[in-house]
Amino acid sequence: MPPNARILIVDDHEDTLYALESALAPLGHLLGRATSGDEALKQLLRGNVGLLLLDVHMPGTGGLDVVRYMRRLEQTQHIPVVLLTGFARDRQLGAAAYGLGVADLVAKPVDPWALRTKIRHLYDVHQRRLALEAEVRALRARLDERNPAPAHPALPHPHAHMAPGQPAGAQTGELERDRT
């Protein structure tokens, strides 16, 4: 994922999208928007999303459904998600969200300063993780180039040590036992 990955903001209310974009604009990251869970999934699958800020309750595909789908795909399973809810926090929602690996569950209306701080941290940590993974892959590739894996010799046939024409089991006495 390039370092200019977008923060995707998903909410079914235009005024909330505008408020969230205004709150996050000072971070200087590219921002994307979606007004439904289905639209969010399409953008996630196109790639270049570094963090998802997602409303829980939307018509059709809700926030938890989006996260469930994301976690099943290698391409999206590690993208940090912050869920937004306009309802009071309840234990069931929290348990479901955190059970899916959501980074946080935030109640609306949000404090713009606190949201910016949280998003900045999560985005930066995710970008550092991706950079480390890329570095590890590059180092492994260099190591493989320098030390190619030894070719494993094929296992010898079990009867390879016998003289040609000798029946299997002749050296171990198996044939003699079978005759008695």
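**Close-up 1. Helices α1 and α5 cross in a right-handed manner.** In this predicted model, helix α1 spans residues 14–24 and helix α5 spans residues 112–146. Two packed helices are described by the angle between their axes and the distance between the axes. Here the axes come within 9 Å and cross at roughly 65 degrees, which means that α1 is roughly perpendicular to α5.

**Close-up 2. Residues from both helices make the contact between α1 and α5.** From α1, look for Leu-20, Ala-23 and Leu-24. Their partners on α5 are Pro-112, Leu-115, Arg-116 and Ile-119. Sorted by class, the α1–α5 contact has six nonpolar residues, one charged residue and no polar ones.

**Close-up 3. The largest nonpolar core has 23 residues.** To find your way around, start with Leu-8, Val-10, Leu-44, Leu-52, Leu-54, Val-81 and Leu-83, which touch the most other members. Two or more core residues come from each of β1 (6–10), α2 (37–46), β3 (49–55), α3 (63–72), β4 (81–85) and α4 (91–99). Helix α3 gives the largest share, four residues.

**Close-up 4. Leu-83 and its contacts beyond the neighbours within four places in sequence.** With those neighbours left aside, Leu-83 is in contact with Leu-54, Val-56, Gly-63, Leu-64, Val-67, Ala-97, Val-102, Asp-104, Leu-105 and Val-106.

**Close-up 5. Another core, of 16 residues, lies apart from the largest one.** Its members include Ile-7, Leu-53, Leu-84 and Ile-119.

Key:
Residues are numbered from 1 along each chain as its sequence is written. This is a predicted model: local features need pLDDT of at least 70, side-chain atom pairs count only at pLDDT 80 or more; totals for chains, interfaces and linings use all residues. Side-chain values use heavy atoms; hydrogens and water are left out. Axes are lines fitted to C-alpha atoms, for helices over the stretch in contact, and angles run from 0 to 180 degrees between N-to-C directions. Angles under 35 degrees count as roughly parallel, over 145 as roughly antiparallel, 65 to 115 as roughly perpendicular and the rest as oblique. A crossing is left-handed if the near helix is turned anticlockwise from the far one by less than a right angle, and right-handed if clockwise. Contact means heavy atoms within 4.5 Å. Ala, Val, Leu, Ile, Met, Phe, Trp, Tyr, Cys and Pro count as nonpolar, Asp, Glu, Lys and Arg as charged, and the others, Gly among them, as polar. A nonpolar core is a set of buried Ala, Val, Leu, Ile, Met, Phe, Trp, Tyr and Cys residues joined through side-chain atoms within 4.5 Å. Buried means under 20% relative accessible area, exposed over 50%, partly exposed in between (1.4 Å probe, protein chains only).
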